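These notebook entries record what I looked up, one topic at a time. I begin with the terms and then turn to single elements.

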Amino acid sequence: MPSSCGQRALKPPLIASLALLYALAPWLLRFSYWSGCALVIAVVLAFTAGTHALLGELAPGEIARSLVLAAACAVFVLVYLRLHTKAHSPALAEARLQALQARIRPHFLFNSLNAVLSLVRHDPRRAERALEDLADLFRALMSDGRNLARLADEIHLIERYAAIEQLRLGERLRMSWELDAAPMDAMLPALVLQPLLENAVYHGIEPGTGTGDVLVRIERRGNRVLMRIENPWLEPTTGSRAGNHMALDNIRERLMLFFDDEARLESRVDGSRYCVDIEIPYRSGAV
């Protein structure tokens, strides 16, 4: 048992550590969970050692006992907070997923309906197929966003969406599909790929005047699923369209809620191309 003097020396650094960690909370959020835990314990130990030095208590045995007790207290608090967060996180995550799903509102609706209306008289069969594609898209939009979807269903959905945009844009949109290595049984959050393809068309094809190539590539490498969507990069101009980062932030947050730090989403400009890469763990949805 530490001496009463050691216990008195332990209380001030713990209180000071709590105050400092509270002030540093926004900065600590930038780190991963385990890195943050290591920093918290390091701060507590530094304050404990500093307090002993200020009080002139330099006996190695006394300092060692205080450091062990301070580290144990920090670990206990971290474990308690972790368990408390896990107990409440399912309800919070479910509410957040529903809110994010509700924010997915396709921009193509009115343009697509106008394209269908223009076909009704002179090509009713194409108009009927386009309406069926629209029905599938809105059925997916209204589905429960709390559940994972099979990659095969998501690919079918974006193919339907591409068909609608092809109907509207004609030869200006040229799609390239590299799906031979795609794991069709992989599971991912619903409506991840469609907003990215929508962005590719909205920001990379519509503002231009010529033909634009959009690439969709999906493959499995080991226990990871890699997805990429590329489109032409058009330099933003005054009054150019906004909203690209809103969709990316929405998807990034949904990936985090489902896969935590096992998933990543990155976007970049590579020469004349704009690329969005998604990497998620492979989880089979096969029955």
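I took "buried" to mean under 20% relative accessible area, "exposed" over 50%, and "partly exposed" in between, with a 1.4 Å probe and protein chains only. Helices (H or I, at least four residues) and strands (E, at least two) are DSSP runs, numbered from the N terminus.

I noted that this is a predicted model, in which local features need pLDDT of at least 70 and side-chain atom pairs count only at pLDDT 80 or more, while totals for chains, interfaces and linings use all residues. Residues are numbered from 1 along each chain as its sequence is written, and side-chain values use heavy atoms, with hydrogens and water left out.

Entry on helix 7. I looked up which residues of helix 7 are buried. They are Leu151, Glu154, Ile155, Leu157, Ile158, Tyr161, Ala162, Ile164, Glu165, Leu167 and Leu169. Gly170 follows helix 7 and has a positive phi near 65°.

Entry on strand 7. I found strand 7 (residues 273-281) mostly covered, with nine of its nine residues buried. On one side lie Arg273, Cys275, Asp277, Glu279 and Pro281, and on the other Tyr274, Val276, Ile278 and Ile280.

I then examined its partners; two strands pair if DSSP finds at least two bridges between them. Strand 5 (residues 224-232) runs antiparallel to strand 7 and is joined to it by nine bridges; Leu226 has Glu279 as its bridge partner. Strand 6 (residues 264-270) is also antiparallel to strand 7, with seven bridges, and Leu265 stands opposite Ile278. The hairpin of strands 6 and 7 has two residues between the strands, and there Gly271 takes a positive phi near 70°.

Entry on Ala16. I located Ala16 in helix 1 (residues 4-23). Why does Ala16 count as partly exposed? It does so because its relative accessibility is 28%. From Ala16 to Val44 the C-alpha distance is 8.6 Å, although they are 28 residues apart in sequence.

Entry on Leu81. I placed Leu81 in helix 4 (residues 60-102). Leu81 is partly exposed because its relative accessible area is 45%.
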